[in-house]
Amino acid sequence: DEGRVVTLSLQYCGLTGDLPAELGALTSLTWLDLSMNKLTGDVPATLGELTALKSLYLNENHLTSVPAALGGLTALTSLWLG
């Protein structure tokens, strides 16, 4: 995974707005933590393309829906959405 983003941790950064669909292009991600921000809108279905993802933390935001595509993340062992 040299030269690839495998961990993205941006909790407590004051992020606002929608989650960008482009996050789905970071296919080497194993850890994504965007918790404790002010993100709004739907979780993009493109996150379902992150097949290497083991941990996903979206808790403590204002997100309105979770796509069924997240059900295909078979490597996922930690999921926080509340």
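N59 touches S35, M36, W80, L81 and G82 when residues up to four places away in sequence are not counted, a contact being defined by heavy atoms within 4.5 Å. The structure is a predicted model, in which local features need pLDDT of at least 70 and side-chain atom pairs count only at pLDDT 80 or more, while totals for chains, interfaces and linings use all residues. Residues are numbered from 1 along each chain as its sequence is written, and side-chain values use heavy atoms, with hydrogens and water left out.

N59 is placed in the loop between β5 and β6, where strands (E, at least two residues) and helices (H or I, at least four residues) are DSSP runs numbered from the N terminus. With a relative accessible area of 9%, N59 is buried, given that buried means under 20% relative accessible area, exposed over 50% and partly exposed in between, with a 1.4 Å probe and protein chains only. L81, one of the residues touched by N59, lies in the segment after β7 (78-80) and counts as partly exposed because its relative accessibility is 35%. Together with V66 and L79, L81 makes a nonpolar surface patch of about 230 Å². Such patches consist of residues with over 30% relative accessible area and no salt bridge, with nonpolar side chains (Val, Leu, Ile, Met, Phe, Trp, Tyr) joined within 5 Å and like charges within 9 Å; a salt bridge is a side-chain nitrogen of Lys or Arg within 4 Å of a carboxyl oxygen of Asp or Glu. Accessible areas come from the Shrake-Rupley method with a 1.4 Å probe, and for residues only the protein chains shown count as cover.

N37 is located in the loop between β3 and β4 and counts as buried because its relative accessibility is 5%. Leaving aside neighbours within four places in sequence, N37 is in contact with L10, Q11, Y12, C13, G14, L15, E60 and N61. The C-alpha atoms of N37 and N61 are 5.4 Å apart in space, although the two residues are 24 residues apart in sequence.

An open sheet is formed by 4 strands in the order β1-β3-β5-β7, with parallel pairing, where two strands pair if DSSP finds at least two bridges between them. β1 (7-9) and β7 stand at the edges with a single partner strand each, so one side of each is left without a neighbour in the sheet. Neighbouring strands of this sheet are turned by 10° against each other on average, direction ignored; the axes are lines fitted to C-alpha atoms, for helices over the stretch in contact, and angles run from 0 to 180 degrees between N-to-C directions. Within this arrangement, β3 (residues 31-33) and β5 (residues 55-57) pair in the parallel sense over 3 bridges, and L32 has L56 in β5 as its bridge partner.

A further open sheet contains 3 strands in the order β2-β4-β6, again with parallel pairing. Its edge strands are β2 (16-18) and β6 (62-65), each of which pairs on one side only, and neighbouring strands are turned by 15° against each other on average, direction ignored. Parallel strands β2 and β4 (residues 38-42) are joined by 3 bridges; the bridge partner of T16 in β4 is K38, and that of D18 is T40. β4 and β6 likewise pair in the parallel sense over 3 bridges, with H62 in β6 as the bridge partner of T40.
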